[in-house]
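Colleague: I should like to discuss the model shown below, with attention to one helix and its surroundings. May I put some questions to you?

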Amino acid sequence: MSKKTIAWAKVYGEDEGAFEFSLAGKRFIVVCKHAFAAELLAQRPFKLRRGASTRESVPFEGLFMAEGDQWRQDKRIVGPAFSHKHINEYLASIKCVAERLVDVLASPAGGEEARTVEVRHVMYCVTADVIAFTAFGHDFDSLRRCCPVLDALKQLFPIIMLRALSPVQYWKLPLFGQRLDGCEQVVTRLTRAVDHIIEERRAVDAAQSEQGREPPFTVLRKMLERSAAEPAKFEHRRVVGNLLTLFVAGADTTSIAMTWMLYHVAKDAALQRELAAEVTPLDMALLSMEELSCSLPRLRSLFYECLRMHGPAPTFKFQNEFEDVTLAGRTYAPDPSRVFLVMAGYISQAAEAEQLGVGPEPDKFEARRWLQPDGSVRSPPADVVMPFGQGVRLCPGKDLAMLECLVCVGRVLQVFALALTPGHSEVGSQTHFTEQPDRDVNVVFTPRTGKKE
Ligand code: HEM
């Protein structure tokens, strides 16, 4: 439906800024101009909430799905774990995963041998490993070995997607509804695996405390402290639900961003030369988060542009279940059959985006778009380019995602020359839970001579 809605936005939304259509008993109000999107998004988090179909199709509780007071509570615990201070603490784990990535991409034969790799799968393991370090303080090491938690999570995505698209909520049928799509079994397996990791982590933290050492900061530790202080308000199932949420919200999205970055680098030799020249002199192992961010303007520009043109969440879906919402001079009373769609990806690529800070030819991919004449990089205008959402429910993992992309793609560029496999077809997008590449991205990694290691 997303391709069709974009086509309609071009035809019906360009002048008015919004249009409506009905489908399967729902009335969709599609917002495709920046000013209307801003008006609507300002009415979150209480008037306007996530679409019920999104919330109800996810079989556990956590920040992404929460609303009202529950959201406030989750946000108070999960949000601070992604402050600059803590992200700097996670940097060592990101660098460790980046080194493993470099090893995995190298040919087993060693030397100058090239290796061809389908990058999407590998990048998923990278992001999941980073989240496991930051969320649990646990080493999945899924780049190098099989990981039951990730296998179960991969089974969960298609189930969530099936539920979100299903016209009937079959999983709510008494007795067997939860079993129809295998969800119950997958969630039970996941919960057991996560419980096991939590117990292990507790034991390690306790041992470190006994030795007078401060255990490392993790989202898990923060949640366990909170759950112990207020067990009725922050129950154990919310601890587990919020951990799973970080994987569901963070692993797929970040790996898609990295896959697009590698695709464009492999496709465009001139861009690759410029980026390689930028990363080659750096000693990544020594740089702090701020130093990395300042030293990599070209790579950051590529990151911003990949998210603008290929963001994994190009459409936001909302409903007003309890309160009136206003849009373009009209008031909409609560109605469960009404859905507001904000075409965030479309807005950042539409003609009006040129004047709103995106610059010339906003419908074209331009890896150097965000570079300034003095060589520094500017951030895209946050209310026009919204790959991480907007306002109070902005993605808390956005800085972690950027740091991970800079370190991992930067390190790969230091060690390898990249090329697409001969005859590789143009990669487009498809919607599959998130918006993602519509085919495998096969990249040949050849060690650079005189590489920096
Ligand atoms: C390139 C990578 C990523 C993209 C494009 C992305 C995108 C998004 C978007 C569009 C939202 C919804 C925002 C809204 O409703 O306005 C969101 C929410 C969220 N993201 Fe991300 N995300 C990424 C990485 C991450 C990472 C690495 C994590 C954590 C490990 C994470 C955790 C979350 C959480 C917990 C929420 C829910 C926030 C709330 O509802 O208050 N995301 N993300």
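Predicted model: local features only at pLDDT ≥ 70, side-chain atom pairs only at ≥ 80, totals over all residues.

Colleague: How far apart are the end C-alpha atoms of α10, and what span should its residues give?

Modeller: At 1.5 Å a residue, the 32 residues of α10 should span 46 Å. The computed separation of the end C-alpha atoms agrees with this, at 47 Å.

Colleague: Is α8 roughly parallel or roughly perpendicular to α10?

Modeller: Helix α8, residues 183–210, packs against α10 with the axes 10 Å apart and at an angle of about 100 degrees. Angles of 65 to 115 degrees count as roughly perpendicular. Therefore α8 is, relative to α10, roughly perpendicular.

Colleague: Which residues of α10 meet α8?

Modeller: The contact of the two helices divides into five nonpolar residues, one polar and one charged. From α8 come Leu190, Thr191, Val194 and Asp195. Their partners in α10 are Val240, Leu243 and Leu244.

Colleague: Which element gives the largest share of the shell around the ligand?

Modeller: The shell has 27 residues, with Gly250, Thr253, Gly389, Cys395 and Gly397 the closest. Two or more residues each come from α4 (68–78), α10 (236–267) and α15 (398–415). By class, 17 are nonpolar, eight polar and two charged. The largest share, seven residues, comes from α10.

Conventions. Residues numbered from 1 in each chain as written. Near = placed C-beta within 6 Å. Helix = DSSP H or I, 4+ residues; strand = E, 2+ residues; numbered from the N terminus. Nonpolar A, V, L, I, M, F, W, Y, C, P; charged D, E, K, R; others polar. Expected span 1.5 Å × (residues − 1). Axes fitted to C-alpha atoms, helices over the stretch in contact; angles between N-to-C directions. Parallel < 35°, antiparallel > 145°, perpendicular 65-115°, else oblique. Contact = placed C-beta atoms within 7 Å.
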